[in-house]
Each structure stands twice: as structure tokens, then as C-alpha cells.
Amino acid sequence: MSPGPRRIAEPRRATVQADGAGVPLQVDGRIVDAVRESWLVEDRWWTERPLRRRYWEVVTVCGRNVVVFRDLVQRERGWYRQ
């Protein structure tokens with residue numbers, strides 16, 4: 001049975017290994033070759049469900065461009081692929 005429709009661009013859990021500063025070194029088993037960009041998104045701070053995420057656009061050694069983020073509000077502070 002299918003789990004049902006999924007929203008477009010809905011974040012999915014990712015396995016990320018990062019250094020002490022939070023810079024991704026591996027994403028889902030792929031070694032990061034370069035970091036293209038990093039940015040912070042803070043939104044909905046006036047609500048009961050604020051959003052605060054650190055995004056990273058990286059290139060893996062196989063040439064794949066990947067955007068991952070770490071949720072900075074949730075207790076788990078997990079990593080996700082966008």
C-alpha cells in the first residue's frame with residue numbers, strides 16, 4: 001500500500017557527518033568535496049512554531065549538488081535534505 005501523496009520539496013531525513021563547527025563532511029555516505037554556500041533562515045519567530053535552520057549547499061566527490069539543513073529549533077536538531 002502506498003503511503004499517500006507527498007508534498008513537493010518536502011524535506012527528508014539525511015545522514016550527515018559534520019565537523020565541530022557543523023560543516024558537513026559526508027551526506028548519506030557521500031564525501032563532501034566542496035561547500036558552495038551556507039545560510040541561516042529564521043522565520044515565524046512570532047508564532048508558537050518558529051523556524052530556524054542552517055542550510056548548506058555542498059558538492060560531493062561524485063559531482064552531485066546537494067542542499068542539506070540542520071533544524072536548530074527541534075530538540076533533536078536533525079539533518080534533512082531539501
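A14 makes contacts with D28, W79, Y80 and R81, leaving aside residues up to four places away in sequence. A14 also belongs to the largest nonpolar core, a set of nine residues. The model is predicted, and the mean pLDDT of the protein chain is 90, with 90% of its residues at 70 or more. The secondary structure consists of seven strands and zero helices.

**Confidence and overall dimensions**

- Among the elements of the chain, the lowest mean pLDDT, 92, belongs to strand 1 (residues 12-13), and the highest, 98, to strand 3 (residues 24-27).
- Where pLDDT is low, the predicted coordinates should not be read in detail.
- The C-alpha trace spans about 40 × 40 × 20 Å along its principal axes.
- The accessible surface of the protein chain amounts to about 6,200 Å², and carbon and sulfur atoms account for 48% of that area.
- Of the 82 residues in the protein chain, 26% are buried.
- Among contacts with a separation of 6 or more, 33% are between residues 24 or more positions apart.

**Sheet architecture**

- From the N terminus on, the elements follow the pattern β-β-β-β-β-β-β.
- The seven strands form an open sheet in the order 1-7-6-5-4-3-2, with antiparallel pairing.
- Strands of a sheet pair through backbone hydrogen bonds, in either the parallel or the antiparallel sense.

**Strand 5 and its partners**

- Strand 5 (residues 51-60) is largely enclosed by the rest of the structure, because eight of its ten residues are buried.
- Ten bridges connect strand 4 (residues 30-43) with strand 5 in the antiparallel sense.
- Within this pairing, L51 of strand 5 stands opposite D43, and R54 of strand 5 is the bridge partner of L40.
- Strand 5 is joined to strand 6 (residues 65-71) by seven bridges, and these two strands run antiparallel.
- R53 has D71 of strand 6 as its bridge partner.
- Four residues separate strand 5 from strand 6 in the hairpin that the two strands form, and G63 in the turn has a positive phi of about 90°.

**Nonpolar core**

- Besides A14, the largest nonpolar core includes V16, V27, V32, W56, V58, V66, V68 and W79.
- At least two residues of this core come from strand 5, and at least two come from strand 6.

**Salt bridges**

- Three salt bridges are present in the structure.
- Side chains of opposite charge can pair when their charged atoms come close.
- D28 and R81 form a salt bridge, with their closest N and O atoms 3.1 Å apart.
- This pair links distant parts of the chain, with D28 in the loop between strand 3 and strand 4 and R81 in strand 7, 53 residues apart.
- D28 is partly exposed at 29% relative accessibility, and R81 is partly exposed at 23%.
- R36 and E57 form another salt bridge, in which the closest N and O atoms are 3.9 Å apart.
- R36 lies in strand 4 and E57 in strand 5, and the pair links distant parts of the chain, 21 residues apart.
- R36 is exposed, with a relative accessible area of 56%, whereas E57 is buried at 15% relative accessibility, which falls under the 20% limit.
- R52 and E42 form a salt bridge whose closest N and O atoms are 2.7 Å apart.
- Because R52 lies in strand 5 and E42 in strand 4, this pair ties together parts that are ten residues apart in sequence.
- R52 is partly exposed at 35% relative accessibility, while E42 is exposed at 52%.

- Q74 is located in the loop between strand 6 and strand 7 (79-81).
- Q74 has a relative accessible area of 35% and is therefore partly exposed.
- Q74 and R52 are 22 residues apart in sequence, and their C-alpha atoms are 9.0 Å apart in space.

Notes: Residues numbered from 1 in each chain as written. Predicted model: local features only at pLDDT ≥ 70, side-chain atom pairs only at ≥ 80, totals over all residues. Heavy atoms only, no water. pLDDT = per-residue confidence, 0-100. Buried < 20%, exposed > 50% of the residue type's maximum accessible area, 1.4 Å probe, protein only. Pairing = 2+ DSSP bridges. Core = buried A, V, L, I, M, F, W, Y, C linked by side-chain atoms within 4.5 Å. Contact = heavy atoms within 4.5 Å. Areas by Shrake-Rupley, 256 points an atom, 1.4 Å probe, with all protein chains shown as cover. Salt bridge = Lys/Arg side-chain N within 4 Å of Asp/Glu carboxyl O.
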